[in-house]
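Dear colleague,

Please find below the structure that I am handing over to you. My findings follow it.

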Amino acid sequence: MSITLENTSILQRLRSETHASHDALEQNEFNQALTAGHISAEATRRFLAKLYGFLQPYEAQLSLHTFPAAWEVAHRRRAHLILEDLQPTSELPLCPDMPPLRTWPQVLGAMYVLEGSTLGGQVITRQLAKAGIATRTYFTGYGERTGPMWKSFCQLLTEAANEANQAEIVQSAILTFQKLHAWIDQP
Ligand code: HEM
């Protein structure tokens with residue numbers, strides 16, 4: 001039996017089709033400095049502010065959709081953690097070019113990207129701790145619940161995906177990575 005895209009699991013497809021985007025995003029200035037061991041508190045603040053500019057409008061769009069309780073959407077809101085880290089004295093700039101989050105498959109694809117970023121957050125928070133940088137509330141995220149929250153999201157996503165919506169979910173995940181990347185790289 002030949003394996004077609006239709007019977008490949010949604011998670012496998014997302015992972016393989018966004019792999020290059022993830023790698024590209026990992027090359028951002030903040031992560032390069034972090035990996036090279038010369039990260040500064042100021043660069044961390046700049047990166048957090050960028051992430052806020054994307055997460056805030058994303059979460060606002062998410063709140064226009066109705067989710068069954070199992071999705072724990074209120075709990076998955078994290079933009080406010082960045083405000084705790086930054087305590088900004090003025091409004092932070094918001095990304096003007098967000099991926100469309102109108103349809104359910106579009107929402108699922110974007111959620112895959114933003115929920116998946118909590119996994120990288122665990123790596124980042126350890127590196128920041130080593131560097132003595134205290135603004136780690138956002139990157140710590142769900143803390144010890146990171147693994148279970150990701151597992152539960154993957155389960156719900158798998159149940160929500162079907163042959164008819166798979167392509168749109170994957171397309172939205174790719175677009176979300178691209179828009180996030182463009183926003184992060186914008187000076
Ligand atoms: C905001 C930028 C980022 C986004 C949106 C993002 C997104 C994702 C996504 C969607 C996944 C899930 C992949 C899967 O299907 O298993 C993932 C996993 C992961 N990411 Fe990132 N990521 C980001 C930045 C980073 C950075 C900077 C690092 C490195 C410090 C990193 C390290 C990881 C790791 C270690 C995993 C888990 C891989 C595995 O268990 O197989 N990520 N990320």
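Are α3 and α4 roughly parallel or roughly antiparallel to each other? The axes of helix α3 (residues 41–62) and helix α4 (residues 79–86) come within 8 Å and cross at roughly 150°, and α3 and α4 are therefore roughly antiparallel. Angles under 35 degrees count as roughly parallel, over 145 as roughly antiparallel, 65 to 115 as roughly perpendicular and the rest as oblique. Axes are lines fitted to C-alpha atoms, for helices over the stretch in contact, with angles from 0 to 180 degrees between N-to-C directions. Helices (H or I, at least four residues) are DSSP runs, numbered from the N terminus.

The model is a predicted one, in which local features need pLDDT of at least 70 and side-chain atom pairs count only at pLDDT 80 or more, while totals for chains, interfaces and linings use all residues. Residues are numbered from 1 along each chain as its sequence is written.

Confidence

The protein averages a pLDDT (the predictor's confidence in each residue, from 0 to 100) of 95, and 96% of the residues score at least 70. Over residues 1–7, pLDDT stays under 50. Where pLDDT is low, the predicted coordinates should not be read in detail.

Helix packing

The crossing of α3 with α4 is left-handed, that is, the near helix is turned anticlockwise from the far one by less than a right angle, and clockwise for a right-handed one. On the α3 side, R45, L48, A49, L51, Y52, L55, Q56 and E59 meet A79, I82, D85 and L86 of α4; two residues are in contact if their C-beta atoms, placed from the backbone, lie within 7 Å. This contact of α3 with α4 has eight nonpolar, one polar and three charged residues. Ala, Val, Leu, Ile, Met, Phe, Trp, Tyr, Cys and Pro count as nonpolar, Asp, Glu, Lys and Arg as charged, and the others, Gly among them, as polar.

Helix α8 (residues 166–185) comes within 7 Å of α5, axis to axis, at a crossing angle of roughly 50°, and the two are therefore oblique to each other. Residues of α5 in this contact include P105, Q106 and L108, and those of α8 include E168, I169 and V170. By class, the contact of α5 with α8 has 10 nonpolar, five polar and one charged residues.

α1 and α8 pack at about 15° with axes 10 Å apart, and are therefore roughly parallel. α1 passes α8 in a right-handed crossing.

Ligand shell

The ligand is surrounded by 16 residues, the closest being G116, S117, L119, G120 and V123; a residue counts as near if its C-beta atom, placed from the backbone, lies within 6 Å. α1 (10–26) and α5 (104–130) each supply at least two residues of this shell, and α5 gives the most, with eight. The shell divides into nine nonpolar, five polar and two charged residues.

Yours sincerely
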